[in-house]
Amino acid sequence: MSKIHAAITAVHGYVPDYVLTNQELETMVDTNDEWITSRTGIKERRILKGEGLATSDMAVPAVTQLLKKRGIGADEIDLIIFCTTTPDMIFPATANVLANKIGAKNAWGFDLQAACSGFLYGLTSGAQFIESGKHKKVLVVGGDKMSSIVNYKDRATCIIFGDGCGAVLLEPNDEGNGLIDSILKSDGAGGQYLNLKAGGSLKPASHATIDAGEHFAYQEGQAVFKFAVTNMADVAHEVMERNHLTGEDVAWLVPHQANKRIIDATANRTGISPEKVIINIERYGNTTNGTIPLCLWEWESKFKKGDNLILAAFGGGFTWGSVYLKWAY
Ligand SMILES: CC(C)(COP(=O)(O)OP(=O)(O)OC[C@H]1O[C@@H](n2cnc3c(N)ncnc32)[C@H](O)[C@@H]1OP(=O)(O)O)[C@@H](O)C(=O)NCCC(=O)NCCS
């Protein structure tokens, strides 16, 4: 009997309507379009506006459309893994909130926090339940409302992040397609360079934490950049080497969208030519857990059955990793 792989059988995404351009940011902080474009590749990002709207509200349309495309009901989902750094609340899990909103009555679920690598951690975790035969339909959602933790007076962070969400369905595949391999890594010593200091058990919310701006994402950009630019490239190269793949064998590189320069470095290191590198950072910025599923969604019509895809990410933690999968449809 051939090995069961966990294959992506449907993908969909959602980005909010509001477009925050570099020009608008120029009116908010001391920055300019030329600087942002040349240093990051970002031109605009989406922002979820409106009272009472949270990360799960972007997941609902993404997942609803995904289920429609696949022609299945929400009650057929066995497990929801919601990869997010901006859960609706600390608890209950956003996976539970989403299950309730879409009517996934038979699913259990949990949130997964690995900052920008969350979606790859989630994909790999979800795949285990399919490969083991435990589950038939696992929904992996990656989404963030980064605008809820970004300080729009801090030019070091507000130019980078945006809001968005994507989701994939994992199902068993016995044709040799699906997730083939993954390498996931972390180094907690990097936590000091990219974090959100307050609101957890270490520093519960207080007037002092609010006054100190500690409920906003904090980033030492250069330290993160140096780490990311080598490690994301290295781990993608490592997964390719382990599977005897050259740049020629790879149909698409799907990198986390944090900085165009980091994406270019990964493409160079892996020998994957520029036309095979998926990039939408200019339109969405860094949507944290949303970047990779949003790329898959936007490029879905270009993928062919059996295509080799290399996914790669890095993020706060530090966390990083790469997934090798064969597209299944
Ligand atoms: C954040 C980042 C774009 C900054 O780019 P950088 O080239 O490292 O820029 P630096 O922080 O060294 O700053 C260079 C100069 O630009 C200035 N600057 C910083 N932000 C600016 C902005 N938004 N607009 C204009 N100037 C800015 C700095 O003050 C500095 O000026 P100085 O030389 O006069 O001191 C870059 O470090 C980066 O992308 N890091 C990784 C971030 C990331 O991927 N995070 C997500 C992790 S998942």
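I began at His256, whose side chain makes a polar contact with the side chain of Thr291 at 2.7 Å. I note that the model is predicted.

I then placed His256 in the chain and found it in the loop between strand 11 (252-255) and helix 9 (260-270). His256 is buried, because its relative accessible area is 1% and the cut-off for buried is under 20%. Among the residues that His256 touches I listed Cys116, Met232, Asn286 and Phe314.

I consulted the UniProt record, an unreviewed entry, which places the feature "active site" at Cys116, His256 and Asn286. These residues span 171 residues in sequence, yet no two of their C-alpha atoms are more than 8.7 Å apart, so they gather at one spot.

Cys116 counts as buried, with a relative accessibility of 11%. I recorded its contacts with residues including His256, Asn286, Thr288 and Gly316.

I looked up the domain assignment, which gives domain 1 (5-176) and domain 2 (180-327). The contact takes 52 residues from domain 1 and 47 residues from domain 2. I read a buried area of about 3,700 Å² between the two domains, with 62% given by carbon and sulfur atoms. Cys116, Leu120 and Tyr121 supply 17% of the area that domain 1 buries against domain 2, more than any other three residues.

Finally, I checked polar links across the interface and noted 20 residue pairs in polar contact. I also noted 2 salt bridges between domain 1 and domain 2. Separately, I recorded a salt bridge between the side chains of Lys305 and Glu175, at 3.2 Å from N to O.

Notes: Residues numbered from 1 in each chain as written. Predicted model: local features only at pLDDT ≥ 70, side-chain atom pairs only at ≥ 80, totals over all residues. Heavy atoms only, no water. UniProt positions renumbered as here; feature names shortened; annotations may be inferred. Buried < 20%, exposed > 50% of the residue type's maximum accessible area, 1.4 Å probe, protein only. Contact = heavy atoms within 4.5 Å. Helix = DSSP H or I, 4+ residues; strand = E, 2+ residues; numbered from the N terminus. Polar contact = N/O pair within 3.5 Å; in protein donor to acceptor, adjacent residues only side chain to side chain. Domains from an automatic or database assignment. Buried area = accessible area lost by both parts, 1.4 Å probe. Salt bridge = Lys/Arg side-chain N within 4 Å of Asp/Glu carboxyl O. Lists of a residue's contacts leave out its neighbours within four places in sequence.
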